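Here are my notes for your read-through. Please keep the model open beside them.

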Amino acid sequence: MKRPGKGRFAARGACLLAAWIAVAIPSGASLAAETTEPPKALPAETIPDSVLRPRIEALLPAPWRIQTLTVQPLPVPAPPSPEPQVAVRVTAAVVLGAPTYLVDSREGPVTFLRPAAEAGLGKSWVATALATHGSSGWTVTVTPQSPDLLDGIGKPAAELPGRTVVLGTPEARTLREQLDRDAARRLAEEGERRRREEERLAQQTAAAKAEADRAETERRAVEARIAQVADLRGKLAGPDRAARLAAFEAALGGNDPALRQTAMEAALQSRDPVVANLALKDWIARHRAVPVQLYATKEDPSSEVVVQNLGPMTLEIDGFSPVSGALAGKLGAPGYSIARPSSIVGTLAQTELAVNAFGCALALRLTEHRTMDGLLRCQTLPTLIARITLD
């Protein structure tokens, strides 16, 4: 360091001649530090290199090292301090101790670097330093004159995150190829996943549409069926006999069991004897064995025992003429000999059925409850109530 002559600072007093300079490092661009090192008798215009150099090194980024340090005295800025002060201009010749890099890109855990500066790069770093002597020692405030001088030259690779790889090296090329393959694979997998998702969505959409179409078809079919049944019921219950007969014959002649059953129910409950007769003829023509239910009468107490002893009675139909209503077959029950199965002749006249067997006669009439009710009379037996249910 350069040192001015003694006469230049003679007027500042003998107190500056015996002081060591303590240093303090402020935050930001300034550096202020205190030291309790005891004062030593040095010239007032001099800041010891052993104190000033560490404070300047603390302001410099890690890769930079000081080669030479030059100090030039400056006038002490106003206002004057009651304590001894020294102001100097510091010029530091600094050199980059390691190569630095900038981040080019990041690929997962890998950080690709671009070279920024080579080791050995030199800069001239300038600052002002103001030293003040206090009761506990000297304080030095260092203010850089070009705080951004060392900016933009990157950092050492060790200070950068991730696995660092320098662009242009074989390792970088190998990693880049691997990363490109991984990216292509991920892209293909993502494309395949999206394709499957689109296919699944298309299938779901098609299934939903098919289900909606099916439900709509069923709804229309149900509505059409309801309208068809309602139309048949309306015609069977209408005032026009010809329309009733035509509707009944059409329902019986078709292959629709539901319409046939609907027509039968409506006809059997109809007050029109002609339509009811047609329904009874169709019913009898479709049956071969008809159960006859027997019940005792209140007028004859012994009829209860007769019903129990007779057992189930059956009307077997061997032949029936829908035109004349003539009926042939057998009627009987396993109980009394008088009522055992025997040949019969019978006739259906409108809504009344009359059957005659050996020693017994059965007379029934259609009711509004879809039954044919009447009496069974047999020789030597009490009269019994008889019923055929039109199922």
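**Notes on the predicted model**

1. Helix 6 (residues 303–310) has as its buried residues Ser303, Val306, Val307 and Leu310. Buried means under 20% relative accessible area, with exposed over 50% and partly exposed in between (1.4 Å probe, protein chains only). These residues cover an arc of only 100 degrees around the axis, which puts them on the same side of helix 6. The arc is that of the directions from the helix axis to the C-beta atoms. An α-helix has 3.6 residues a turn, so residues three or four places apart point the same way.

2. What covers the buried residues of helix 6? The cover includes strand 9 (289–295) and strand 16 (384–389). Contact here means heavy atoms within 4.5 Å. After helix 6 comes Gly311, with a positive phi near 80 degrees.

3. A word on the basis. The model is predicted: local features need pLDDT of at least 70, side-chain atom pairs count only at pLDDT 80 or more, and totals for chains, interfaces and linings use all residues. Residues are numbered from 1 along each chain as its sequence is written, and side-chain values use heavy atoms, leaving out hydrogens and water.

4. Overall, the protein has six helices and 16 strands. Helices (H or I, at least four residues) and strands (E, at least two) are DSSP runs, numbered from the N terminus. Of its 391 residues, 36% count as buried.

5. Two strands pair if DSSP finds at least two bridges between them.

6. Strand 5 (residues 110–117) pairs with strand 8 in the parallel sense, over four bridges. Leu113 stands opposite Val166 in strand 8.

7. Which cysteines form the disulfide? Cys360 is joined to Cys378, S to S 2.0 Å. The criterion is a pair of cysteine sulfur atoms within 2.5 Å. Cys360 lies in strand 14 (residues 360–366) and Cys378 in strand 15 (residues 371–378), 18 residues apart. Both Cys360 and Cys378 are buried. The S-S torsion is about 115 degrees, so the disulfide is right-handed.
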